[in-house]
Number of protein chains: 2
Amino acid sequence: MARPRSKSRGELIGGAMRVFWKNGFASTSIEDLVSATGVGRGAIYTDFGGKEDLYRHSLAAYRAKFVDPALALLNDGEDGLDAIRAYFDYFIALHKRHGMPGPGCFFANAMTELAPHDASVKDLVNQHAQDLRVGFRIALKRAAKAHSAILSAAELEELAGFLSTASQGLWSYGRSIDDIAQLECFKKALLKLLHLRMQS
Amino acid sequence: MARPRSKSRGELIGGAMRVFWKNGFASTSIEDLVSATGVGRGAIYTDFGGKEDLYRHSLAAYRAKFVDPALALLNDGEDGLDAIRAYFDYFIALHKRHGMPGPGCFFANAMTELAPHDASVKDLVNQHAQDLRVGFRIALKRAAKAHSAILSAAELEELAGFLSTASQGLWSYGRSIDDIAQLECFKKALLKLLHLRMQS
DNA sequence: CCAGTTATGGAACAAGCATTCCAAAAAGCA
DNA sequence: TGCTTTTTGGAATGCTTGTTCCATAACTGG
């Protein structure tokens, strides 16, 4: 053994993730990755299969670092509507920290840029969409219980899919607007509608 | 006068629009545009300022050809909820014709790819979002009247913004899924919620 | 302190890119 | 038919890209 890495594999992925997330795949050059991570050009090819492979690892890292905590919020607390509110607050806070226009959701970005042309990215993106759908379904179920509302399994699934898709639109939207209040407005409108559904 | 164009300026923009819409800006090369439109390499630089300028013209052409008819649907009919349903049916039919995964919405794609880095694209995208918001607001107002529901101006605006953002999520989603039924499912869930709001 | 091993990062490479240029072709006009 | 005007599309340009290579540097085990 000799010459340990100056930057660990995790640091490389983490740095790459931030650049890919913000700028997308095609607009990010190897040079951008090198200067953003401080890692050597060679490491991208000795540790990974190249640019595409690093991108896929970045998506996985994003899920672990940002999505999983958000999904955990959906499972927390007694009233599912509060959990859903917490989920949106989590990502809105992320955008507030970053400054607007924000980075959006890495998966939503991949959905528009790469999923139509890269099968493995498409699978990762659809897996994320399903994870989100499951999270919302569980939260909605708790919400129905807390508000004594009657929701069939089919209605639950339908509503969960709706929430998953609509929230992707919110994060896309966050990439082009300057005012974070519009994100809050979306959250408010959505929760009003859900509250109404739970009371009917 | 001599040598009329083999392809008109409109044909050039129309062909370019389809390629940019499907593949995005960075992944579309001049060669792709040339082979897709059948137009000469030079025409892109004599008739337009280059690739970026042609992209902006493509966005405008997309609005004229696909968005304006959809916005007209939002203004049509007595019950605004039917108009909103017609709007979604219009774009779902577009995806059905194209085959899944679909092309999504050109503006939604531009929102994630270019808006954060190109100010003029950002303006075009935000203008589109506002057009959509206005369209939904007008439809919602008619819906409230038809269902004798009471909605304040603020609530109307809030709901219109929500619809505009959520629908962008739907078209993004259309780029990564194989089953068109999920688009229908979203529409169904959304209209159920709106119907509920109009009855309260 | 030396030998062995492995990461390093600048140079090199071929391919692809957007853009420019221009000789030739094609059409209108007289 | 000839002259002018304008488009045309291939060649050329200079730059950037993703990827490979390798002499060097740096660390470890003995």
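Which side chains meet in a salt bridge with an N to O distance of 3.1 Å? They are those of K187(B) and E184(B), where a salt bridge is a side-chain nitrogen of Lys or Arg within 4 Å of a carboxyl oxygen of Asp or Glu. Before going on, please note that this is a predicted model, in which local features need pLDDT of at least 70, side-chain atom pairs count only at pLDDT 80 or more, and totals for chains, interfaces and linings use all residues. Residues are numbered from 1 along each chain as its sequence is written, chains are lettered from A in the order in which they are written, and side-chain values use heavy atoms, with hydrogens and water left out.

Let us stay with K187(B). Because K187(B) and E184(B) are three residues apart in helix α9 of chain B, about one helical turn separates them; helices here are DSSP runs (H or I, at least four residues), numbered from the N terminus. In general, an α-helix has 3.6 residues a turn, so residues three or four places apart point the same way. K187(B) also forms a salt bridge with D89(B), the closest N and O atoms being 2.8 Å apart. This pair links distant parts of the chain, with D89(B) in helix α5 and K187(B) in helix α9, 98 residues apart. K187(B) is buried at 10% relative accessibility, while D89(B) is partly exposed at 31%. Here buried means under 20% relative accessible area, exposed over 50%, and partly exposed in between (1.4 Å probe, protein chains only).

Over all chains, the count comes to 24 salt bridges. One of them joins E31(B) and R41(B), with the closest N and O atoms 2.7 Å apart. E31(B) lies in helix α2 and R41(B) in the loop between α2 and α3 of chain B, so the pair ties together parts that are ten residues apart in sequence. In chain A, E52(A), R56(A) and D118(A) are linked in a network of salt bridges.

Now turn to helix α6 of chain A, residues 106-113, where eight of its eight residues are buried. What covers them includes α1, α4, α7 and α8 of chain A, together with α6 and α8 of chain B; contact means heavy atoms within 4.5 Å.

Another place to look is E158(A), in helix α8 of chain A. E158(A) is buried, with a relative accessible area of 9%. Leaving aside residues up to four places away in sequence, E158(A) touches C185(B), K188(B), A189(B) and K192(B). Of these, C185(B) is partly exposed at 31%.

Technical notes:
Helix = DSSP H or I, 4+ residues; strand = E, 2+ residues; numbered from the N terminus.
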